[in-house]
Amino acid sequence: MSANAATADIEADVISMWEEFFGKGSVSADDDFFELGGNSLTAVKFLSRVEEKYGMDALPPETLFETPALRDVVASIAQNAKKAA
Amino acid sequence: MRAASDPWFVTRKKKERPALRLFCFPYAGGGPHIFSDWADHLPDAVEVVGVRLPGRENRFRERPYRTWEPLTADLTALVRAKADAPFALFGHSLGGRIAYEVAKRLEASGREPARQVIVSGCRAPTTAQRQPPMYSMTTPDLRRRLHEMQGVPAEILRNENVMTLIEPTLRADLELAETWASSPEPVAAPVAAFCGTRDAVDPPAAMRPWYRATTGRFDYAEFDGGHFFIHDHEAVVLARIAGLLEQSIAEGRGHV
């Protein structure tokens, strides 16, 4: 699978997780985790879902807190999952 | 990019011409998400605005306030700028102290008093801090205490990395709450004090003296529960708030 395809898959996956968390149907790459209504508890839940699926260090918590746009979160997961592979 | 929302004020249901705007201030470590569905349970004429201080959620990268003067000055100016509707203030614990200080400062600046100030889980200005301060505790002691107080969900407490990220803001908030010393002058706005019957942090005895903090109407209500009774008995608390706000709206109409 190409790197771009992997990133697109991760993006689709994160979009569906955020849509589920926030009960919204139109999450996009521009959206921000905390603008959508995220808080520390939803952050912990999301981080543990990412860990289950993409491994331990795919998304460092500080990345989510400091750059909470979906596109940056996806980039981190794609980057770190690639390193692990 | 989508338009950035207001960093300070989170309004889930904006109202065209609210009869009353209720500013809600969260407890230490909290954010406006605490109040996200309150608008569904309060009178339709009330616009609910959750206040987001720096250092949390999408303001994570900003430095939190640790002293009262700049916090009160900034919040007073921000609340004052939303002058298109009469307003009321609600706050729990740290938020109760903030609500009261903002009410006081707005009055001192010549603005019409708040229609209602609700202080919840928050010792009276004349009552001394009871528990040993948390803001200066070692990290293990602080976490143990947070666990006992049951204010931070266990899932977060268990997550070492996330706790490390949120601890500086939590400490700053606790420092504000625990070093709060209000001036003795009362406000003219009506004050209602809400207390948890089994609250060890701000127990009924520490809250009853709130009656001295207003020259206006004073209400006092106890709710079953500990310091976080507003979550355990949210429906009952919201019904009480709704009653107070309906009364404020009715009184406001009488004045026109």
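In this predicted model, S1(B) runs antiparallel to strand S3 (residues 46–51) of chain B, and the two pair over two bridges; strands here are DSSP runs of E with at least two residues, helices are runs of H or I with at least four, and both are numbered from the N terminus. Two strands count as paired if DSSP finds at least two bridges between them. Within S3(B), Gly50(B) is the bridge partner of Val10(B). Residues are numbered from 1 along each chain as its sequence is written, and chains are lettered from A in the order in which they are written. As the model is predicted, local features need pLDDT of at least 70 and side-chain atom pairs count only at pLDDT 80 or more, while totals for chains, interfaces and linings use all residues.

Stepping back to the whole sheet, seven strands of chain B form an open, mixed arrangement in the order S1-S3-S2-S4-S5-S6-S7. Its edges are strand S1 (9–10) and strand S7 (218–223) of chain B, each pairing on one side only.

Next come the helices of chain B. The axes of helix H1 (residues 68–81) and helix H2 (residues 94–108) of chain B come within 9 Å and cross at roughly 65°; axes are lines fitted to C-alpha atoms, for helices over the stretch in contact, and angles run from 0 to 180 degrees between N-to-C directions. H1(B) and H2(B) are therefore roughly perpendicular (65 to 115 degrees).

Finally, the two chains meet: 16 residues from chain A and 18 residues from chain B take part in the contact, where contact requires C-beta atoms, placed from the backbone, within 7 Å. Helix H2 (40–54) and helix H3 (61–66) of chain A each supply at least two residues to chain A's side.

Note on methods
Angles under 35 degrees count as roughly parallel, over 145 as roughly antiparallel, 65 to 115 as roughly perpendicular and the rest as oblique.
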